[in-house]
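Please look through the sequence and the structure shown here before reading the briefing. It is arranged by topic.

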Amino acid sequence: MVEISTSILNVEKKDAMKVFYGLEVAHTDYFHIDIMDGKFVPKNTAELMKEYTTSIKQMSNIPLDVHLMVENVKEYVDEYLAFEPNIITFHVEAMSSKEEVINMINYIKQNNVKVGLSVKPNTKIEDIYEYLPNIHLCLVMTVEPGLGGQKLIPETLEKVKKLKEYIEENNIDIDIEVDGGINSETIEQAKNAGANIFVAGSAIVNKENYEEAIDNLRNEKG
Ligand code: DX5
Ligand code: ZN
């Protein structure tokens, strides 16, 4: 099933409540929360995202899709468990050993939250194959993490294709999410490559009519 996860990274503080309410009535499938610690990526969004997530939880039951772009994964997992998210995704590049990756996957699952593992554009998709049977989602970054409003890197969709073939051959039931530079054109290519959850920030929140923007992305052929 095609699902749209709206990134609230670039929402301005003064518009925040209006935008969140607008996304709620426009039926975004998820709120995508981009947490950056100023270490894993240069920007720091930790305080702002905590504030935004608190506001969203007060007015919406729409599931939260938490994307941790942080070095200290455990610290932020613990902070976000309190918001009862649907998915917590962390980066394989943030972990220093296989054991650490496996322990974090298990820790998130023990807390009844779905686990996602993410790869940056220069990380080989094969690097995460061994974890696939134990996770729920693989987030293939289609831009370098750190900023909204960038252009999708076409080579990243080759990784999505490879992953899709691999999970089909091996009968692994997992969602493939893409994040960065998704708009009405690139979403077609991403759908063809095999993704089924699409993060979009600018392509939704910069539009006047969120419902139309979300429906268009959902219904775009792939
Ligand atoms: C990038 C973030 C993305 C990004 C998406 O580091 O993970 O979620 O904000 O924004 P757009 O859709 O504008 O590329
Ligand atoms: Zn993201």
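Helix 1 (residues 16-25) packs against helix 8 (residues 210-219) at an angle of about 50°, and their axes lie 8 Å apart; this is a predicted model, in which local features need pLDDT of at least 70, side-chain atom pairs count only at pLDDT 80 or more, and totals for chains, interfaces and linings use all residues. Residues are numbered from 1 along each chain as its sequence is written, chains are lettered from A and ligands numbered from 1 in the order in which they are written, and side-chain values use heavy atoms, with hydrogens and water left out.

**Helix 1 and helix 8**
- The angle of about 50° between them makes helix 1 oblique to helix 8 (angles under 35 degrees count as roughly parallel, over 145 as roughly antiparallel, 65 to 115 as roughly perpendicular and the rest as oblique).
- The contact, meaning heavy atoms within 4.5 Å, is made by V19, G22, L23 and V25 of helix 1 together with Y210, E211 and I214 of helix 8.
- By class, the residues of this contact divide into 5 nonpolar, 1 polar and 1 charged.

**Helix 2 and helix 3**
- Helix 2 (residues 46-59) and helix 3 (residues 73-81) pack with their axes 11 Å apart and at an angle of about 20°, which makes helix 2 roughly parallel to helix 3.
- On the side of helix 2, A46, M49, K50 and T53 take part, and they meet Y76, E79 and Y80 of helix 3.
- This contact of helix 2 with helix 3 has 4 nonpolar, 1 polar and 2 charged residues.

**Ligand 1**
- Ligand 1 is surrounded by 20 residues (those with a heavy atom within 4 Å of it), and the closest are D34, G146, D179, G201 and S202.
- Polar contacts, which are pairs of N or O atoms within 3.5 Å, include one in which a polar side-chain atom of D34 lies 2.7 Å from an oxygen atom of ligand 1.
- A polar backbone atom of G201 is 2.7 Å from an oxygen atom of ligand 1, while an N or O atom in the side chain of H67 is 3.3 Å from an oxygen atom of the ligand.

**Positive phi in loops**
- H27, which is not a glycine, has a positive phi near 60°, and H27 is placed in the loop between helix 1 and strand 2 (30-36); helices (H or I, at least four residues) and strands (E, at least two) are DSSP runs, numbered from the N terminus.
- N171, also a residue other than glycine, has a positive phi near 55° and lies in the loop between helix 5 (155-169) and strand 7 (175-179).

Conventions:
Axes are lines fitted to C-alpha atoms, for helices over the stretch in contact, and angles run from 0 to 180 degrees between N-to-C directions. Ala, Val, Leu, Ile, Met, Phe, Trp, Tyr, Cys and Pro count as nonpolar, Asp, Glu, Lys and Arg as charged, and the others, Gly among them, as polar. A polar contact is a pair of N or O atoms within 3.5 Å; within protein, one must be able to donate a hydrogen and the other to accept it, and residues adjacent in sequence count only if both atoms are side-chain atoms.
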